[in-house]
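Me: Please take a close look at one part of this model, the nonpolar core and the aromatic rings, and describe it in one connected account.

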Amino acid sequence: MSCTSADHSSSLCFLFLILLNSVSWPAGEAARSPFACDPRLPSTKNFRFCRTSLPVPERARDFIGRLTLQEKVKLLVNKAAAVPRLGIKGYEWWSEALHGVSNVGPGTKFGGDFPAATSFPQVISTAASFNASLWEQIGRVVSDEARAMYNGGMGGLTFWSPNVNIFRDPRWGRGQETPGEDPVLAGKYAASYVRGLQGNDGGDRLKVAACCKHYTAYDLDNWSGVDRFHFNARVSKRLFHMFFI
């Protein structure tokens, strides 16, 4: 599927792919009502984006073409607003799964049948194994549990993981989330973990959706009164090519 043409936003295309994940996973694996295209709502049958027989690009164009500008804007935040007239429920994008499903983000909650999830070692320790198949296996287990929590109504399908920041300065304070200071290792770790999370045998479907973070040269949270939302990262061409490309 191409989400790069000028007539629609890539972010909204990604939202549509998540919509597909929630409604087209194999029967019997979803115990909760779908995020969109609920077959119990007669109105959704008239929407082309709900017709699973149509190609994904055509469904995406139809979905995005029905949104008003105001509706599009309200979908471009982590707590995406509902679009009741199209049968779209609100959605919380922010869930975390750096080394196991976490309740740090508001999209995931522990309790009831899901009191906790498996917590694997911190990423910097796992990366030190230099074992790409292990990283992918961990991703598969994490996404198994994530899917179960989604089906049980306790989690979402989008995870802000893995953290691929290059760990160059321990003063940052979040180095344990990353594979370390080596760009090659970080790249291989990210590819393996994302493959484990998203799955590689579902065709157009994702098991869950991974989102690598953060922005390039983003290794600052709060230092001497400067926070990560307002500082300007000035990186030399040499360092940019050595560490971030």
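Reply:
**The core and its rings**

Leaving aside neighbours within four places in sequence, Leu-86 is in contact (heavy atoms within 4.5 Å) with Phe-47, Phe-49, Arg-66 and Leu-67. The model is predicted, so local features need pLDDT of at least 70 and side-chain atom pairs count only at pLDDT 80 or more, whereas totals for chains, interfaces and linings use all residues. Residues are numbered from 1 along each chain as its sequence is written, and side-chain values use heavy atoms, with hydrogens and water left out.

Leu-86 also belongs to the largest nonpolar core, which has 36 residues and in which Phe-49, Leu-86, Ile-88, Val-142 and Tyr-193 touch the most other members; such a core is a set of buried Ala, Val, Leu, Ile, Met, Phe, Trp, Tyr and Cys residues joined through side-chain atoms within 4.5 Å, where buried means under 20% relative accessible area with a 1.4 Å probe, protein chains only. Helices 2 (56-66), 4 (123-127), 5 (132-151) and 6 (183-198) each supply at least two residues of this core, helices being DSSP runs of H or I, at least four residues, numbered from the N terminus. Helix 5 gives the most, with six residues.

Eight aromatic pairs are counted, the rings of Phe, Tyr and Trp (its six-membered ring) pairing if their centres lie within 6.5 Å, with planes under 30 degrees apart stacked, over 60 edge-to-face and the rest tilted. Among them, Tyr-91 and Trp-93 are edge-to-face, at 5.3 Å centre to centre and 90° between the planes; Tyr-91 is buried at 8% and Trp-93 at 10%. Tyr-189 and Tyr-193 are stacked, at 5.7 Å and 15°, and because they lie four residues apart in helix 6, about one helical turn separates them.

Key: Buried < 20%, exposed > 50% of the residue type's maximum accessible area, 1.4 Å probe, protein only.
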